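Open the structure in your viewer and keep the selection tool at hand. The stops below say what to select and what is there.

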Amino acid sequence: MYENTKADLLSMKSDELEKFVVSLGHPRYRAKQIWQWMYRAKDFSEMSNLPEKMRSELSEAAVINVPEIEKKLVSAADGTVKYLFRLKDGNLIESVLMRYRYGLSLCVSSQCGCRMGCRFCASTLDGLIRNLMPSEILGQLIAAQTDSGERVSHIVLMGIGEPLDNYDNVIRFIRLASSPDGLGISCRNISLSTCGVVPNILRLAEEGLPVTLSVSLHASDDVARSDLMPVNRAWGIDALLAACALYFKKTGRRISFEYTLIANKNDSREEADRLSRLLKKYFKSGVHVNIIPLNPVKEREYRTVDRRCAARFSEFLQKNSINATVRRTLGPDINASCGQLRRSH
Ligand code: SAH
């Protein structure tokens with residue numbers, strides 16, 4: 001059984017790990033050795049340059065939360081890898097490793113389940129089980145890098161969960177992932193996707209972490225958006241876009257809006273025009289719309305659109321001078337969208 005009373009070493013910053021090691025009566029340099037091992041996914045028993053007694057003492061007092069690979073699917077089409085990971089307490093989460101020309105990008109989960117209730121999404125069907133610790137988010141990267149033998153250069157917080165509903169742990173994760181003695185991944189290569197938890201978008205703007213903010217918009221009026229995304233009843237479109245404009249102003253980082261296209265729901269010309277007017281009201285420039293054809297979830301009634309319809313919607317936006325692209329589908333043969341593997345397991 002996993003006891004969460006144990007010290008969570010992979011959630012620690014290097015000076016915190018030093019303090020911990022010293023508190024157990026060991027010299028400071030041992031912390032550096034442990035640090036190097038854990039970032040290579042090794043557990044205490046494998047830390048061959050530590051004395052035997054120290055290793056057993058550590059495994060009594062502490063835990064390294066790198067998840068185990070429960071299942072791994074590799075796309076024959078494009079090499080995308082989908083991992084189903086098992087956490088120390090037995091809960092399951094997913095990550096997706098994608099190959100781009102510029103490097104490897106890992107899509108990580110931030111919570112086990114989700115309580116946001118978006119009606120087209122598989123991750124929220126059973127609600128939130130628990131937040132992930134910083135170590136458990138970082139552990140997904142360490143596990144994927146160790147398994148692939150390659151460095152991951154980009155992170156997208158777009159897996160299971162709402163990152164801004166697990167704010168403190170996600171911020172600590174970003175600091176560890178971007179720190180030179182951690183994974184050394186520049187904040188500019190980290191994207192955080194949110195359904196629109198407005199107060200935490202405002203907090204994020206003050207953190208001094210220039211991550212790319214992706215906002216799941218999916219509708220251009222409050223009635224339609226509240227119907228698709230319950231979070232909109234707490235913070236409506238105007239509050240959301242005002243927060244995004246502020247984020248852009250504070251960080252200088254271009255905002256990316258995700259727009260999931262659902263047949264006969266939000267795919268019309270009028271909708272594209274209304275969306276364009278809305279975005280122009282808040283941004284003179286610096287927005288990008290990422291169009292995602294709906295990935296149908298069998299528990300939900302919504303239908304997807306074909307490529308032609310998605311391309312047309314993109315053209316409508318571009319005619320209105322809104323920068324838009326249709327997201328390329330990676331791993332079509334392994335059901336790479338999040339939440340679906342965990343559910344079927
Ligand atoms: N909670 C965050 C990140 C997780 S989901 C958020 O809401 O942004 C990443 C993106 O996939 C979001 O834009 C989400 O709305 C979208 N998404 C979820 N289920 C989907 C589905 N079945 N088809 C297409 N996009 C989906």
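Buried means under 20% relative accessible area, exposed means over 50%, and partly exposed lies in between (1.4 Å probe, protein chains only). This is a predicted model, in which local features need pLDDT of at least 70 and side-chain atom pairs count only at pLDDT 80 or more, while totals for chains, interfaces and linings use all residues. Residues are numbered from 1 along each chain as its sequence is written, and side-chain values use heavy atoms, with hydrogens and water left out.

**Two loop residues**

Select His218, which is in the loop between β11 (212-216) and α7 (222-228). Helices (H or I, at least four residues) and strands (E, at least two) are DSSP runs, numbered from the N terminus. His218 has a relative accessibility of 4% and counts as buried. Its phi is near 65°, a positive value in a residue other than glycine.

Next select Ala41, in the loop between α2 (29-38) and α3 (52-61). Phi of Ala41 is also positive, near 65°. Ala41 is partly exposed, at 27% relative accessibility.

**Helices α6 and α9**

Two packed helices are described by the angle between their axes and the distance between the axes. Axes are lines fitted to C-alpha atoms, for helices over the stretch in contact, and angles run from 0 to 180 degrees between N-to-C directions. Select α6 (residues 198-205) and α9 (residues 237-251): their axes come within 9 Å and cross at roughly 5°. The two helices are therefore roughly parallel to each other. Angles under 35 degrees count as roughly parallel, over 145 as roughly antiparallel, 65 to 115 as roughly perpendicular, and the rest as oblique.

Contact means heavy atoms within 4.5 Å. On the α6 side, Val198, Ile201, Leu202, Leu204 and Ala205 meet residues of α9, among them Ala239, Leu240 and Lys250. The residues of this contact divide into ten nonpolar, one polar and one charged. Here Ala, Val, Leu, Ile, Met, Phe, Trp, Tyr, Cys and Pro count as nonpolar, Asp, Glu, Lys and Arg as charged, and the others, Gly among them, as polar.

**Helices α10 and α11**

How far apart are the axes of α10 and α11? Select residues 269-282 for α10 and 307-319 for α11: the axes are 9 Å apart, and the helices pack at an angle of about 40°. They are therefore oblique to each other. Arg269, Glu271, Ala272, Leu275 and Ser276 in α10 meet Phe313, Phe316 and Leu317 in α11. By class, this contact has five nonpolar, one polar and two charged residues.

**Aromatic rings**

Stay on Phe313, which is buried, with a relative accessible area of 0%. A search of the whole structure finds six aromatic pairs (rings of Phe, Tyr and Trp, its six-membered ring, with centres within 6.5 Å; planes under 30 degrees apart count as stacked, over 60 as edge-to-face and the rest as tilted). One of them joins Tyr259 and Phe313: it is stacked, 5.3 Å centre to centre with 20° between the planes. Tyr259 is in strand β12 (residues 255-261), Phe313 is in α11, and the two are 54 residues apart. Tyr259 is buried, at 1% relative accessible area.

Then select Phe248, Phe257 and Phe283, which ring pairs link into a cluster.

**Last stop**

Select Tyr100 in strand β5 (residues 92-100). Tyr100 is partly exposed, at 28% relative accessible area. Leaving aside neighbours within four places in sequence, Tyr100 is in contact with Ser105, Arg328 and Leu330.
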